[in-house]
Amino acid sequence: VGKKVQAIYLWWHKPVVDEELLQSLPNLKVIANSGVGMDHLDLKLIASFGVKMANAPHAVSSTTADTGMALLLASARRLVEVHNISISPSMDYCEADILGVKVAGATLGIIGMGRIGYKIAVRAKAFEMNILYHNRTRRKVQEEQAVGATYCEKIDSLLQQADFVMLVVSLTPQTHKLIGKRELELMKPTATLINISRGAVVDQEALVAALQTGVIRAAALDVTSPEPLPRDHALLKLKNVIITPHLGIKTDKATYMITEEAVENILAALNGLPLPSEVLPS
């Protein structure tokens, strides 16, 4: 049926799009991805076959922002730890051992102020947080003022000031291991790192060391590298880490909206119309 296939809808990186598949589908016109990140695709290779590509940024932004704030709050108030205490047979604990950190009035540093990053800022403002952000391009002054965000031209400045650092960047050669040993050591020892972008944005070995030695207070990760982590990985053994299995977009409504957005892009491509969410190779 290779000659009949004109569109591919990718769900959770399946099917794998490689040169062999592209060669077997001579009439392929479009690949629609169920999410924002396109790092699992060779965009230049796909474009060389004359195939258009689209993602689903509108459907996933609010849900992913919710995930980021959920991780921030869960880590701040140590919800996983106290849940385990609450269901334990003995309920034996000392109140001083389960003290969390206050979110209201704390400083949130957002690295990556695109659509998702901005929605996180909107939510953080409602929690009375001070907001810093670092981005390739600065937001408009009106947009900054609407959420009370301050632009940090240098990432180092943000890292040194933030109580919570949230990563919301795409994975590119420039952002691979963006947060390593040097960056972690710039952070406050009371700070928390939250990653809802891609696991490879963080040097995981450096993160493990930082968490074990008190360089930073805690981490909350919706993404790791690889996913899932090997069952004996050091991150899985640390109490000051929350790990979720890439929950970002996983709600019933978001899944439906993603599919709608993908279908809209596919139909546009098949009818020779501009794709609403076309992604071009860089």
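**Entry 1: the R198 pair**

I looked up R198 and found a salt bridge with D39, with the closest N and O atoms 3.0 Å apart. The rule I used takes a salt bridge as a side-chain nitrogen of Lys or Arg within 4 Å of a carboxyl oxygen of Asp or Glu. The model is predicted, so I kept to its limits: local features need pLDDT of at least 70, side-chain atom pairs count only at pLDDT 80 or more, and totals for chains, interfaces and linings use all residues. I number residues from 1 along each chain as its sequence is written, and side-chain values use heavy atoms, with hydrogens and water left out.

A search of the whole structure gave me 9 salt bridges. I then placed the two partners: D39 lies in the loop between β2 (30-33) and α2 (43-48), and R198 in the loop between β8 (192-195) and α9 (204-213), so the pair ties together parts that are 159 residues apart in sequence. For element names I follow DSSP runs, numbered from the N terminus, with helices as H or I of at least four residues and strands as E of at least two. Side chains of opposite charge can pair when their charged atoms come close.

**Entry 2: the two domains**

I took the domain assignment of the protein chain, which gives domain 1 as 2-59 + 250-271 and domain 2 as 60-243. These bounds come from an automatic or database domain assignment. I noted 30 Å between the C-alpha centres of domain 1 and domain 2.

How many residues of domain 1 are in contact with domain 2? I have 13 residues of domain 1 against 7 residues of domain 2, with contact meaning heavy atoms within 4.5 Å. The area buried between the domains is about 780 Å², and carbon and sulfur atoms give 51% of that area. Buried area here is the accessible area (1.4 Å probe) that two parts lose on being put together, summed over both.

Which three residues supply 47% of the area that domain 1 buries against domain 2? I wrote down D39, P57 and H58, which supply more than any other three residues.

Across this interface I found 1 salt bridge. I also have 3 residue pairs in polar contact there, both residues of each being at pLDDT 80 or more. A polar contact is a pair of N or O atoms within 3.5 Å; within protein, one must be able to donate a hydrogen and the other to accept it, and residues adjacent in sequence count only if both atoms are side-chain atoms.

On the side of domain 1 that touches domain 2, the elements giving two or more residues are α3 (57-76) and α10 (252-270). Helix α3 gives the most, with 3 residues. I sorted the residues of that side into 7 nonpolar, 4 polar and 2 charged. For this I count Ala, Val, Leu, Ile, Met, Phe, Trp, Tyr, Cys and Pro as nonpolar, Asp, Glu, Lys and Arg as charged, and the others, Gly among them, as polar.

**Entry 3: record features**

UniProt, in an unreviewed entry, places "domain: D-isomer specific 2-hydroxyacid dehydrogenase NAD-binding" at residues 69-248. I computed 11 Å between the end C-alpha atoms of that span, which is 33% helix and 16% strand. The "domain: D-isomer specific 2-hydroxyacid dehydrogenase catalytic" feature is placed by UniProt (unreviewed entry) at residues 10-279. For residues 10-279 the end C-alpha atoms lie 14 Å apart, with 38% helix and 13% strand. UniProt positions are in the numbering used here, feature names are shortened, and annotations may be inferred rather than shown by experiment.

**Entry 4: backbone checks**

Most residues other than glycine have a negative phi, and most peptide bonds are trans. I found the bond from S225 to P226 to be cis, with omega near 0 degrees. The bond from E227 to P228 is also cis, with omega near -5 degrees. I place P226 in the loop between β9 (218-221) and β10 (241-243), and P228 in the loop between β9 and β10.

R78 has a phi near 55 degrees, a positive value in a residue other than glycine, and I find R78 in the loop between α3 and α4 (79-87). Phi of H246 is near 55 degrees and positive; H246 sits in the loop between β10 and α10.

I located R139 in the loop between β5 (130-134) and α6 (141-147). Its side chain makes a polar contact with the side chain of E143 at 3.4 Å. Leaving out residues up to four places away in sequence, R139 touches M113, G114, R115, Y118, Y133 and E144.

I85 is in helix α4. With the same exclusion of residues up to four places away, I85 touches M91, Y93 and I98. I noted 42 Å between the C-alpha atoms of I85 and P15, which are 70 residues apart along the chain.
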